[in-house]
Amino acid sequence: MSEWRNWARNQRARPARVIAPSSTGEVAALIADARATGATVKPLGAGHSFTGIAATDGTQVRLDGMAAILHHDPATRRVRVQAGVSLHALNPRLRELGLALPNMGDVDPQSIAGAISTGTHGTGARSHGIAHAVVGLQLVTGTGEVVEIDEQHPWFGAARVSLGALGVITEVTLQCVPAFGLRAVEQPMRLPEVMERLGEFLEDDHFEFYWFPHTDAALIKRNSRVPGDTPLRPVGRIRHLWDDEILSNGVFGAVNAIGGARPSWIPAINRISGSALSPREYVDRSYDVFVSPRRVRFVESEWAVPRAALPEAIAELRRWFETSGERVAFPIEVRFAAADDIWLSTGHERDNAYVAVHQWFRRPSERYFAAAQAIFDAHEGRPHWGKLHTLTADRLRERYPRFDDFLAIRDAADPDRVLDNAYLRQVLG
């Protein structure tokens, strides 16, 4: 058995078998076989989750070979894809059809199935996560049955963010929008001013900011939608090389290595990093603005809190940095998304602010993430399913009104727990 590790290198497993099916029928057959023999099955996307949601010692199912666009309806702008297609590959193919996903996160290696199953969201006060664009999907349940789930199906609210607990998603129908560009305005700003002007910034189509711990330095990103035929003015090649590769990846990787060896230097390093930022404005394709290169490995914990709780949560984080002695070089990322009706979406019936804390993958993160979790948990925080947390089913049931309804569907879809693993036992009981 060869060892599997995720992107961040903090999760590992030794699956008994690794199978790469090429059709829904093959997926159904292997699940039926696993059920008959008492084995477990776990689908794997890109391995970009920081939790053990994809880890298994049973059969690991890699859907990379199921990455085709199956159908496109120009009238409704709906597109049917196989579930293994990566967001990186899907976005330009949608562009060729004159279409786009309504929203995106800030990285794109994930498979579409992995992105929706973990609740990947992106930012925009009036925008939703990627799963909100799902209007239908094909699911091979834990009994080996192939189920087509559409907007009228009783499982629709559960299946769009399912944690991989109901079965293996093999096809997804997406409600796309006309291709669009984004006018991006990025600039440094002091954190107190960001918080003071937050109401103004949330009027933007897509807004987020990064705060450098131990400082008042922040970077804001304001993105406004423009029609798809707007002339593009992307970041110049030299500026892109300097900002996005040398500073944001090369120098930043070195900064984390130095900070790992000399943690006491981190506050000064963060002050220098914050002051090194300079404004820029550009227009590019939506996905080229949403997505940023991430070559420095890290681990992450992210929490959705009610928007009204954000100022106090940030203030509590600042107080903890001041008193704990912990030194953190990674900026804290803050994003926003609108309420939705998906049962296990972090946005279920609530407009949220999302606060993500990161740590370089070679440095200990447990103390920092535990402190952040205590702060966010006290504000009714909901953890991102693909990012580190220790909440269990009892606490999560308090946060999700349809939690037990989801469990009832799980009992019907996977009565023998063919899709089970340690992470699902933690969060679902």
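Colleague: How many residues lie between E14 and E15 in their hairpin?
Modeller: There are 5 residues between E14 and E15 in that hairpin, and histidine 214 in the turn has a positive phi of about 75 degrees. Helices (H or I, at least four residues) and strands (E, at least two) are DSSP runs, numbered from the N terminus. This is a predicted model: local features need pLDDT of at least 70, side-chain atom pairs count only at pLDDT 80 or more, and totals for chains, interfaces and linings use all residues. Residues are numbered from 1 along each chain as its sequence is written, and side-chain values use heavy atoms, with hydrogens and water left out.

Colleague: Is the pairing of E14 with E15 parallel or antiparallel?
Modeller: Antiparallel, with 6 bridges joining strand E14 (residues 206-211) to E15. Two strands pair if DSSP finds at least two bridges between them. Histidine 206 stands opposite asparagine 223 in E15.

Colleague: Why is E15 called largely enclosed?
Modeller: Because 8 of the 11 residues of strand E15 (residues 217-227) are buried. Buried means under 20% relative accessible area, exposed over 50%, partly exposed in between (1.4 Å probe, protein chains only).

Colleague: New topic. In what order do the strands of the open sheet come?
Modeller: The order is E3-E5-E4, 3 strands with parallel pairing. Strand E3 (17-19) and strand E4 (41-44) are the edges, each pairing on one side only.

Colleague: How many bridges join E4 to E5?
Modeller: 4 bridges join E4 to strand E5 (residues 59-62). Lysine 42 stands opposite glutamine 60 in E5.

Colleague: Last one, H10. Which of its residues are buried?
Modeller: Leu310, Ala313, Ile314, Leu317, Trp320, Phe321 and Ser324.

Colleague: How far apart are the end C-alpha atoms of H10?
Modeller: They are 21 Å apart, which agrees with the 21 Å that the 15 residues of H10 (residues 310-324) should span at 1.5 Å a residue. The expected span is 1.5 Å times one less than the number of residues.

Colleague: And what follows H10?
Modeller: Glycine 325, whose phi is positive, near 80 degrees.
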